[in-house]
Amino acid sequence: MENKDDEVKKAQVVEARARNISHNVRCTECGSQSIEDSQADIAILLRKLIRDEIQSGKSDKEIYKKLEEDYGETVLYAPKFDLQTAALWLSPLLVAGAAAGIWAYNKHRQNTNVHIMALNLVRGVPLTPKEKETMLDLLTPPPPRGVTPSFLWSRWRGQ
């Protein structure tokens with residue numbers, strides 16, 4: 001009885017490993033599906049190959065390496081990190097950094113009118129639009145001389 005239970009457990013482990021590997025391997029015919037989800041002939045053959053490799057005692061890493069050697073790097077959903085794929089792996093960090101920079105810049109721009117808010121609090125009465133304009137003219141630093149992005153933009157538009 002114990003021998004039969006051991007065989008069942010071993011079969012369950014093999015099946016779980018095979019499914020895990022199959023979810024991480026792209027179908028070479030479908031492209032957008034894993035071989036676990038695909039019903040293409042090549043996907044069925046690859047699932048059988050994976051199960052055979054597991055039963056022969058190979059590790060997951062060895063199986064991934066064999067699949068990559070036989071079908072190319074694109075068969076795996078998670079490409080390895082090297083010089084060619086660095087942009088792919090680092091792009092989320094670059095996008096997050098750009099978003100944080102834009103957020104910080106907008107936050108800084110909101111805080112530049114602190115002087116006007118302080119005058120509103122000191123006076124107890126909000127500034128009139130004319131007073132706000134005068135204060136912004138006094139408190140805003142002059143634009144830098146030379147070539148700036150806004151200068152280029154207005155020149156491109158023909159103004």
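Helices and strands are DSSP runs, numbered from the N terminus, with at least four residues (H or I) for a helix and at least two (E) for a strand. The legends below describe a predicted model.

**View A. The annotated span at residues 86–105.** An unreviewed UniProt entry assigns the feature "transmembrane region" to residues 86–105. In the predicted model this span is 100% helix and 0% strand. Its end C-alpha atoms are 28 Å apart.

**View B. A nonpolar surface patch that includes Leu94.** Phe81, Leu88, Trp89, Leu90, Leu93 and Leu94 together form a nonpolar surface patch of about 670 Å². Leucine 94 belongs to helix α4, which comprises residues 86–110. Leucine 94 counts as exposed because its relative accessibility is 61%, the cut-off for exposed residues being over 50%.

**View C. Helix α2 and its buried side.** Helix α2 consists of 15 residues, 41–55. From first to last C-alpha, α2 reaches 21 Å, close to the 21 Å expected at 1.5 Å a residue. Ala43, Leu46, Arg47, Ile50, Arg51, Glu53 and Ile54 are the buried residues of α2. These residues lie on the same side of α2, because they cover an arc of only 160° around the axis.

View D. Asp41, Leu45 and Gln55 are exposed residues carried on the face of α2 turned away from its buried side.

How values were computed: Residues numbered from 1 in each chain as written. Predicted model: local features only at pLDDT ≥ 70, side-chain atom pairs only at ≥ 80, totals over all residues. Heavy atoms only, no water. Patch = residues over 30% accessible without salt bridge, like charges linked within 9 Å, V, L, I, M, F, W, Y side chains within 5 Å. Areas by Shrake-Rupley, 256 points an atom, 1.4 Å probe, with all protein chains shown as cover. Salt bridge = Lys/Arg side-chain N within 4 Å of Asp/Glu carboxyl O. Buried < 20%, exposed > 50% of the residue type's maximum accessible area, 1.4 Å probe, protein only. UniProt positions renumbered as here; feature names shortened; annotations may be inferred. Expected span 1.5 Å × (residues − 1). Arc of directions from axis to C-beta.
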